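The sequence and structure are shown below.

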Amino acid sequence: MSIQNVRLEVMQFLEKNIDTFVENYLIPVEKIWQPSDMLPDSRNENFFEEVRELQAYAKELPYDFWVVLVGDTITEEALPTYESWLMDVEGVDQKGGEDGGGNGWAKWLRHWTGEENRHGDLLNKYLYLSGRVNMREVEITTQYLINDGFDPGTDRDPYKNFVFTSFQELATYVSHNRVAQLAKKHGDHKLSKICKLIAGDEMRHHHAYSEFVERIFQVDPSEMMKAFHYMMKKKITMPANLIRESGGAIGDAFHNFSESAQRIGVYTAMDYVDILNKLIKRWEIDKINNLTDEAEKARDYLMKLPDRMAKLADRMKISDESHIFKWVTPAIIK
């Protein structure tokens with residue numbers, strides 16, 4: 001049987017539990033928070049007073065913080081790219097199903113997308129109300145990021161895609177959670193709550209995709225190990241790696257955005273290493289049995305990789321100077 005056919009069989013095997021995954025890791029629409037719960041209500045008489053209060057707290061947040069918050073928002077807003085990519089993964093069928101809505105995997109992805117979509121909606125509205133950013137420039141960058149597409153290097157392979165999503169959901173949790181901590185430190189408890197709620201969603205999603213990988217390891221350990229090895233050897237591509245400002249070339253803003261994130265400790269090279277360690281521990285890579293020789297070599301590589309990457313991370317140098325983005329006015333640099 002071909003590798004592709006085995007993967008399809010495994011996806012069909014996992015699909016039998018899709019309703020359980022939805023129930024365990026996603027929250028029903030009527031029960032989950034919505035963006036309007038977190039922001040001033042424009043129907044209320046005190047709306048403008050609440051907006052002025054929001055803006056007063058926003059003035060206390062430093063420049064690199066705003067760069068990171070804008071970058072995180074743009075990354076969330078590029079959700080159509082991520083959904084369309086995952087909908088093309090082997091084993092996902094958008095056409096079949098009794099209701100014409102596709103198979104179980106299509107159901108999972110639509111429901112997951114519904115939850116993720118709230119993040120960009122909320123952050124975008126917050127940025128607009130804050131008065132601290134150039135929304136037109138933010139919108140241009142968002143449109144460019146969607147236009148330019150995204151290739152995480154996974155092809156249509158579900159094993160590689162689930163490694164990618166397991167890693168990225170945890171990375172996104174780290175970023176939003178750190179932004180929440182910084183906002184609280186600067187006295188902006190409303191923004192801190194916003195980012196903490198988003199981080200909570202990301203952690204639930206991380207656990208879901210990690211369980212998918214765990215279950216694949218149980219039935220196809222060697223191929224899953226090789227897929228994990230492939231993704232980590234090539235390195236996980238950040239969703240915003242092609243980010244650019246108006247008038248710029250594809251990807252020209254990513255380095256400076258990443259430096260802002262590292263400078264204020266929101267997401268660093270050591271966080272990448274820490275996430276890798278967490279995945280190795282979560283999937284108990286050291287304990288998996290019945291591996292082929294090739295998969296054993298892949299395991300050896302993975303077990304040694306965190307130490308190698310940590311040494312490289314220690315040698316990284318980050319500029320002390322903030323890059324001036326078109327998204328954020330220099331007048332508020334602190």
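How many aromatic pairs does the count come to by the rule used here? The count comes to 19 aromatic pairs, where rings of Phe, Tyr and Trp (its six-membered ring) pair if their centres lie within 6.5 Å; planes under 30 degrees apart count as stacked, over 60 as edge-to-face and the rest as tilted.

The model is predicted, so that local features need pLDDT of at least 70 and side-chain atom pairs count only at pLDDT 80 or more, while totals for chains, interfaces and linings use all residues. Residues are numbered from 1 along each chain as its sequence is written, and side-chain values use heavy atoms, with hydrogens and water left out.

**Aromatic pairs**

Two of the pairs involve tryptophan 283.

| Pair | Centre distance | Plane angle | Class |
|---|---|---|---|
| Phe217 and Trp283 | 6.3 Å | 50 degrees | tilted |
| Phe228 and Trp283 | 5.0 Å | 85 degrees | edge-to-face |

Phenylalanine 217 belongs to helix 9 (residues 189-219), and tryptophan 283 to the loop between helix 12 (269-282) and helix 13 (293-315), 66 residues apart. Helices are DSSP runs (H or I, at least four residues), numbered from the N terminus. Because phenylalanine 228 lies in helix 10 (residues 221-234) and tryptophan 283 in that loop, their pair ties together parts that are 55 residues apart in sequence. Relative accessible area is 6% for phenylalanine 217 and 4% for tryptophan 283; both are buried, meaning under 20% relative accessible area (1.4 Å probe, protein chains only). Phenylalanine 228 is buried as well.

Elsewhere, ring pairs join Phe21, Trp105, Trp108, Trp112, Phe162, Tyr209 and Phe212 into a cluster.

**Annotated binding site**

An unreviewed UniProt entry annotates Glu116, Glu169, Glu202 and His205 as "binding site"; such annotations may be inferred rather than shown by experiment. These residues are spread over 90 residues of sequence, yet they cluster in space, with a largest C-alpha distance of 10.6 Å. From this set, Glu116, Glu169 and Glu202 are in the lining of the largest pocket. On a 1 Å grid over the protein atoms alone, a pocket is an open set of points where a 1.4 Å probe fits, with protein on both sides within 12 Å along at least five of seven lines, and lining residues have an atom within 4 Å of a point.

Glutamate 116 lies in helix 6 (residues 104-130) and is buried at 5% relative accessible area. Glutamate 169, in helix 8 (residues 158-185), is likewise buried at 5%. Leaving aside neighbours within four places in sequence, glutamate 116 has contacts (heavy atoms within 4.5 Å) that include Glu169, Glu202 and His205.

Conventions. Helices (H or I, at least four residues) and strands (E, at least two) are DSSP runs, numbered from the N terminus. Buried means under 20% relative accessible area, exposed over 50%, partly exposed in between (1.4 Å probe, protein chains only).
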